[in-house]
Amino acid sequence: MLDLDNTLVDRDAAFRDAVTTFLAEHRLPGTDLTWVMTIDAGGYTARHHVAAAMTDRYRDMVPASAVHALLDHGAADRVVLTAPSREALGKAQADGWTCVIVTNGRTAQQEAKIRHTGLDQLVQGWVISETLGHKKPEPEIFYAAADAVGVPLTGAWVIGDSAHADIGGANALGLRSVWVSNGQRWAQDSYRPTHVAEDVAGAIDHVISTPG
């Protein structure tokens, strides 16, 4: 089970690029990049809250439609799947693993990322929180992911960058997990991932090389 944003794809880098272009196009201060990225909080702030904050800040300078376009399509149009990540997924499939994306977020945006990067050809399925009505770390979304690809949840691994949503969700279900650190340090005391990897390619390689 693989997280999408900032695990399989660098969502923050894509959004940062989109915001930089947005600010330049509307002749807004480049220093506002930090403000927007802080408000966005890696995509964890609800879209309507980000939209409201940006619309209020740029009320007389930018049409609300431009803000909505940025939030709806900016990151989705720019995400990329790196060659090492693509190769790791291919190796997992060749070794007989079933790969399913488990992601929080809006269905249209997340599916756009999956198709834009070609991930739809590299995984056996995906589950998106908006469609299901449950989000990580709720157990229902992990059970739904297993059901979506017809594989028992027992024995599954969870790979993701969120200590709370991904690793916490796996821990609550007794599943093994790999935390994609992206250069960060683990800060949770009450539970730990089974393994820590710098990126998703390393995480996948660890899973498929671990017995049992």
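## Ground rules

Residues are numbered from 1 along each chain as its sequence is written, and side-chain values use heavy atoms, with hydrogens and water left out. Because the model is predicted, local features need pLDDT of at least 70 and side-chain atom pairs count only at pLDDT 80 or more, while totals for chains, interfaces and linings use all residues.

## The largest pocket

The largest pocket has a volume of about 700 Å³. Here a pocket is an open set of points on a 1 Å grid over the protein atoms alone, where a 1.4 Å probe fits, with protein on both sides within 12 Å along at least five of seven lines; lining residues have an atom within 4 Å of a point. Grid points are joined across faces, edges and corners, and the volume is the space filled by probe spheres set on the points.

Of the 34 lining residues, Gly 43, Tyr 44, Thr 45, Asn 104 and Gly 105 are the closest to the centre of the largest pocket. Two or more lining residues come from each of α1 (11-25), α3 (47-57), α6 (107-116), α7 (129-132) and α9 (163-172). These elements are DSSP runs numbered from the N terminus: helices are H or I with at least four residues, strands E with at least two. By class, the lining holds seven nonpolar, 14 polar and 13 charged residues. Nonpolar covers Ala, Val, Leu, Ile, Met, Phe, Trp, Tyr, Cys and Pro; charged covers Asp, Glu, Lys and Arg; the others, Gly among them, are polar.

## The second largest pocket

The second largest pocket holds about 320 Å³ of space. Among its 21 lining residues, the closest to the centre are Met 1, Trp 97, Thr 98, Ala 156 and Trp 157. The elements α8 (139-149), β3 (157-160) and α10 (200-209) each give two or more residues to this lining. Its make-up is 18 nonpolar and three polar residues, with no charged ones.

## How α1 packs

Helix α1 and helix α2 (residues 32-40) have axes that come within 10 Å and cross at roughly 135 degrees, which makes α1 oblique to α2. Axes are lines fitted to C-alpha atoms, for helices over the stretch in contact, and angles run from 0 to 180 degrees between N-to-C directions. Angles under 35 degrees count as roughly parallel, over 145 as roughly antiparallel, 65 to 115 as roughly perpendicular, and the rest as oblique.

With helix α4 (residues 64-73), α1 packs at an angle of about 160 degrees, the axes being 10 Å apart; that makes α1 roughly antiparallel to α4. Phe 15, Ala 18, Val 19 and Phe 22 of α1 make the contact (heavy atoms within 4.5 Å) with Ala 66, Val 67, Leu 70 and Leu 71 of α4. By class, this contact has eight nonpolar residues, no polar and no charged ones.

## Backbone details

Two spots deserve a look. Lys 136 and Pro 137 are joined by a cis peptide bond, with omega about 10 degrees, and Pro 137 sits in the loop between α7 and α8. Asn 6, in the segment before α1, has a positive phi of about 65 degrees although it is not a glycine. Most residues other than glycine have a negative phi, and most peptide bonds are trans.
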